[in-house]
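Hi,

Here is the structure I promised to pass on to you.

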Amino acid sequence: MTDALGWRRKFGVIAPSTNTIVEPDFYRMGVPGVTAHFSRIHIRDQNMADDAGMDRLLEQIRAEIGSACERVLTCEPDYMVMGMSAETFWGGVEGNRQFVQQIHDVTGLEVATGAEACRRALELFGARRIGVVTPYQPIGDANVVRFFGELGFEVAAIQGLRCPTAVSIAHVTEDDLRTALLEVNSDNVDALIQCGTNLSMVRLADEAERWLGKPVLAINAATWWMALRDNGIPDRVAGAGSLLRDH
C-alpha cells in the first residue's frame with residue numbers, strides 16, 4: 001500500500017534531541033508527496049564550550065544513533081537523511097564513508113549526509129576555493145577543513161562561532177551569520193558553505209547569494225536537495241537558495 005501523504009517517498013531523518021532548526025527547515029522546503037519522519041538522538045550533556053565538550057557530544061551521538069535509526073525504521077521509510085552535520089565531516093572523506101556505511105548497515109537504506117551534499121553541490125557549481133561558517137569549536141573546524149581538503153577543495157577561510165552548548169547554536173542571529181559570511185568571503189572565493197544543522201541559515205543563504213553574487217550553501221538546504229534528487233524528485237523549491245531553485 002502507498003502512504004497517503006508520502007506517496008512519492010518517506011524520509012527517515014536522524015537529528016540530535018537538542019536541534020530545533022533542521023526539522024522546521026525540512027518541513028518548509030517540503031514538496032508534495034514527500035514526508036520527513038524524525039527520530040531524535042538523546043543528548044544528555046549538551047556542553048560543547050571547548051574541544052573536549054564537542055568530543056563528548058559526538059560520543060553521545062555515536063552511542064545513540066543506532067537506536068535512533070531502529071526507531072524510525074518502524075515507519076518503513078524509503079531513504080535516510082542525516083539532520084546533523086558534524087559527524088558527517090569527522091575523520092575526513094573516510095570518516096564520512098564509514099558513517100554512511102554504518103547507517104546503511106543498520107537500516108539497509110541509502111542516506112543523504114551534509115558532507116556529501118556539499119561535495120556534490122561544489123562540483124556542480126565548479127567551485128574550488130571556499131569560505132566556511134560553522135558553530136563548532138576548533139576541533140570541529142579542523143575536521144571540516146580536512147574533509148574538503150581531501151577532496152581537493154581549498155578552504156580559504158573558516159569562521160567557527162564557538163557556540164557553548166548544542167541548543168545555543170539555534171540562538172545565533174542573522175546579523176551574526178551575515179557578519180560571519182562577510183568575514184570568510186573574498187573575491188577569490190568561489191562559494192560559501194555553512195555547516196551545523198542547528199544554525200538557521202536557509203533564508204539568509206538565499207538572500208546572500210543575491211548580494212554576494214556566488215553560491216551560498218546552507219547545510220540543511222544542500223542535504224534536502226541531495227535527498228530529493230537521489231530519489232528522482234525534480235521539484236524546485238523557492239526561497240532556499242539557487243541549489244534547490246535551479247538544480
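This is a predicted model: local features need pLDDT of at least 70, side-chain atom pairs count only at pLDDT 80 or more; totals for chains, interfaces and linings use all residues.

What does Asp45 pair with? Its salt-bridge partner is Arg56, and the closest N and O atoms of the two are 3.7 Å apart. Arg56 sits in helix α2, while Asp45 is in the loop between β2 (34–41) and α2, so the pair links distant parts of the chain, eleven residues apart.

How many salt bridges turn up in the whole structure? The search finds 19. Here are some of them:

- Glu174 and Arg203 meet through their side chains, at 3.0 Å from N to O. Glu174 belongs to helix α7 and Arg203 to helix α8, so this pair ties together parts that are 29 residues apart in sequence. Glu174 is partly exposed, at 23% relative accessible area.
- Asp3 forms a salt bridge with Lys10, with the closest N and O atoms 3.9 Å apart. Asp3 is partly exposed, with a relative accessible area of 30%, whereas Lys10 counts as buried at 13%.
- Glu116, Arg119, Arg120, Glu123 and Asp230 are linked in a network of salt bridges.

Helix α2 covers residues 51–73, and Glu64 is part of it. Is Glu64 buried or exposed? Glu64 counts as buried, because its relative accessibility is 16% and the cut-off for buried is under 20%. Leaving aside residues up to four places away in sequence, Glu64 touches Ile41, His42 and Arg44.

α2 also meets helix α6 (residues 138–150): their axes come within 7 Å and cross at roughly 65°. That makes α2 roughly perpendicular to α6. On the α2 side the contact is made by Asp51, Met54 and Asp55, and on the α6 side by Pro138, Ile139 and Gly140. These contact residues divide into three nonpolar, one polar and two charged.

Helix α8

Now find residues 202–212, which form helix α8. Which residues of α8 are buried? They are Val202, Leu204, Ala205, Asp206, Ala208, Glu209 and Leu212. Among the elements that cover them are α1 (22–28), α7 (174–184), β7 (191–194) and β8 (216–218), and also α9 (219–230) and α10 (242–246). Just after α8 comes Gly213, which takes a positive phi of about 70°.

The sheet

Last, the strands. As background, strands of a sheet pair through backbone hydrogen bonds, either parallel or antiparallel. Here, four strands make an open sheet in the order β2-β1-β3-β4, with parallel pairing. β2 and β4 (111–112) stand at the edges with a single partner strand each, so one side of each has no neighbour in the sheet.

Take a look at β3 (residues 79–82) and β4: two bridges join them, and they run parallel. Met80 stands opposite Val111 in β4. Helix α9 packs on the sheet and touches β1 (9–16), β2, β3 and β4, and its direction makes about 170° with that of β3.

Conventions
Residues are numbered from 1 along each chain as its sequence is written. Side-chain values use heavy atoms; hydrogens and water are left out. Buried means under 20% relative accessible area, exposed over 50%, partly exposed in between (1.4 Å probe, protein chains only). Contact means heavy atoms within 4.5 Å. Axes are lines fitted to C-alpha atoms, for helices over the stretch in contact, and angles run from 0 to 180 degrees between N-to-C directions. Angles under 35 degrees count as roughly parallel, over 145 as roughly antiparallel, 65 to 115 as roughly perpendicular and the rest as oblique. Ala, Val, Leu, Ile, Met, Phe, Trp, Tyr, Cys and Pro count as nonpolar, Asp, Glu, Lys and Arg as charged, and the others, Gly among them, as polar. A salt bridge is a side-chain nitrogen of Lys or Arg within 4 Å of a carboxyl oxygen of Asp or Glu. Two strands pair if DSSP finds at least two bridges between them.
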